[in-house]
Amino acid sequence: MADAERGGRPAEGFGATAVGPAGHRRRMVRLGLWLIAAILAARQMAVVLGSPRGERLTDLETWVGPHGVLHVEGSLYDSTLFTGTPFGGLVLKPLTRSAEQTLGWGWTFGTLLLVVALGLVAARALPAGRRASPFAAPVAISLLMLSLPVRNTLWLGQTSIIPVLLVLLGCFAVRGERASGVLAGLAAALQPTLLLFAPLLWCTGRRRAAESAGATFAAATALAWAAMPQDSLTYWVHHVAGTGLGGAADALANQSLHGALLRLGLSGPPEIALFLALGAAVAVLGVRRAVRYARDGQLLLAVAVTGCTAIVVAPTAWQHQLLWVLLAVVGRAGTRASDRFVWPVAVVLVMTLPARMMLPDVPALHPLRDNVILLAALAAATSVPFLSRTSPLHDRPVPTSYAPAVPARSGRVPLRPVLRRVLTRPNLFLELLLIRVTYAAYQQVRLAAAGGSNSAGRARAEEHGEQILAIERFLHLDIEHAVNHAVVKTGWLREFFDFYYTSFHFGIPLTVLGVLYWRRPVDYRWARSTLGLTTLLALVGFWLYPLAPPRLMPDLGVVDTVHGVQDFARPDYGTLTALTNQYAAMPSLHFGWSLWCGLVIAIVAPRAWMKALGLLHPLFTVCAIVATGNHWVLDAVGGAAVVAAGFALVYVFQGPRARPAGAARRTDDEERRVPVER
């Protein structure tokens, strides 16, 4: 299997080096990637070892600590804290004394070495060409270090890297079918559902390896039965291959099909019957797909699909056991070049970010958010249409259409645009995913920006508020108090501005993006890029210059018409202080996003009345943010500045907005026409 996987590239490709300037750049890039991998590894080790003793390596302490499970004379599973197989306990028991002596540095460093070895083997298994192969190993190790399963393994002191490494070594490193089968059998003895690799080996013509895997699994399990009969009975019979060990089977950390069915409210015999039926169907379909990809020469993908199938059909699949999903990133899906990023980006995001960042906190979406890794594993095992290597689209997808390059526009600005202007509609799923993740990151950065609810941050934000007020007084712009009190005295006006402030901040930008995506995809890319850069620049402002809005200035007397009366006697005053950073006011993204909407509508709308209506939105918004006491006038100026900078950066990077010839409504075919430069 290993020889077949590597047969498609030159033998010297894995470590080949080029000569000349191009070779020097490639060496520098490779060195930089290895440096990133080393930094990530050092950071993970520092995070684990820098934590208090009682909070790190908790599973390892539970097993091999002075009073750990492996020291007791009774059953390993009396406390349900040990989640391994009896064979795993048999292997770990001799290590208890050495583990006690090196419970911190030794175990963590050893786990990191296993992760590095796993990344090297996975990179060697990639069917990459000569140009990409030198970068495969550091990229693979970096992704592993960032992944939730590896971080969870390091934090808990688990051993879940070992079964994955054993399987990959058996498939891509060792020679001889029997040795390969022995390693797969040992992996199954540690994680029983990995016995699915036996039918994969059998169906791909490696029958000796399949027989060796089954025999090794049986021998290891029998050895554990002979040495620990009571523990084996408890694990295999009472807990049905580990169900209920390490936590409740319906816990969110259990990303198996069984756990998902329990979380959906099913229980008892109906749930068991449904789980067995669905599990059998997934196992058959997953192994059949893996066999097809193995025969196609995509052996690493076949291994990943089989591992994902094992996750789905396992009674329990805890977070540290989900590394197989990350390996599925090697599959190629999508016929268009722009669609090739959808699957790998989705997998990387799912495996590196918390589920709450993937989907919003909406009750209707909780079943999806709670099972997002399971859904990724299920998709890889059963439904993602990975391309065959025999398909002409595997190596040559439908190319993306670009606008012609723009010549230099000024002798003082000799830069040519470094980013080509795409003329085709982007993938909707990828856009929604990136928008959601970007917004979640924006929320986190905004909350973490300097000037939170602590006393020092409050004092700094109020000091900046005094600075802004002084500047406005000098410029005769200090109208916040007068406008606010005039609106408070007019009931209908106060209700209107409160409603406008709270209702249109997100709705209108999303609507503009949606209409552009559907009707004007070329303009969508241009507008989306400007909005992203605008928001990024605003985050820098939030971080560097925390600012108390008028409603949070104790002596100004501005009434908070939206959030209610503020209790300035409390250090954490403000009704939303615990939820978000109330001092992220400069620049005002309320006004910035509204100005972006107005400008985009004014530029792309075909009718004059549409342009005028679009420009009314920033006018109403600036009135609302001042009238409700949520922003200074200069905050709006700052918002306008970051919007202007966002448009300017897109112009510098990409040139003028590309505009295909044709009517306002453009299809993908129309987008491929020769563009008219603006």
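What is the relative accessible area of Phe 499, and how is this residue classed?

Author: Phe 499 has a relative accessible area of 47% and is classed as partly exposed, a term for values between the limits for buried (under 20% relative accessible area) and exposed (over 50%), with a 1.4 Å probe and protein chains only. The model is predicted, so local features need pLDDT of at least 70 and side-chain atom pairs count only at pLDDT 80 or more, while totals for chains, interfaces and linings use all residues. Residues are numbered from 1 along each chain as its sequence is written, and side-chain values use heavy atoms, without hydrogens and water.

The whole structure holds 13 aromatic pairs. In one of them, Phe 499 and Phe 504 have ring centres 5.6 Å apart and planes at 90 degrees, so this pair is edge-to-face. Rings of Phe, Tyr and Trp (its six-membered ring) pair when their centres lie within 6.5 Å; planes under 30 degrees apart are stacked, those over 60 edge-to-face and the rest tilted. Phe 504, at 26% relative accessibility, is also partly exposed. Phe 504 forms a tilted pair with Tyr 500, at 4.6 Å centre to centre and 50 degrees between the planes. Tyr 500 is buried, at 10% relative accessibility.

Consider next helix 25, which spans residues 480-488; helices are DSSP runs of H or I, at least four residues long, numbered from the N terminus. Glu 480, Asn 484 and Val 487 are buried in helix 25. Down the axis of helix 25, its buried residues fall within an arc of 70 degrees (taken from the directions from the helix axis to the C-beta atoms), so they line one face. An α-helix has 3.6 residues a turn, so residues three or four places apart point the same way.

Finally, the largest nonpolar core has 91 residues, of which Leu 168, Phe 172 and Trp 324 touch the most other members. Such a core is a set of buried Ala, Val, Leu, Ile, Met, Phe, Trp, Tyr and Cys residues joined through side-chain atoms within 4.5 Å. Helix 16, residues 299-313, contributes the most to this core, with 12 residues. Val 487 belongs to a second, separate core of 33 residues, which also includes Tyr 517, Leu 589 and Trp 596.

Notes: Helices (H or I, at least four residues) and strands (E, at least two) are DSSP runs, numbered from the N terminus.
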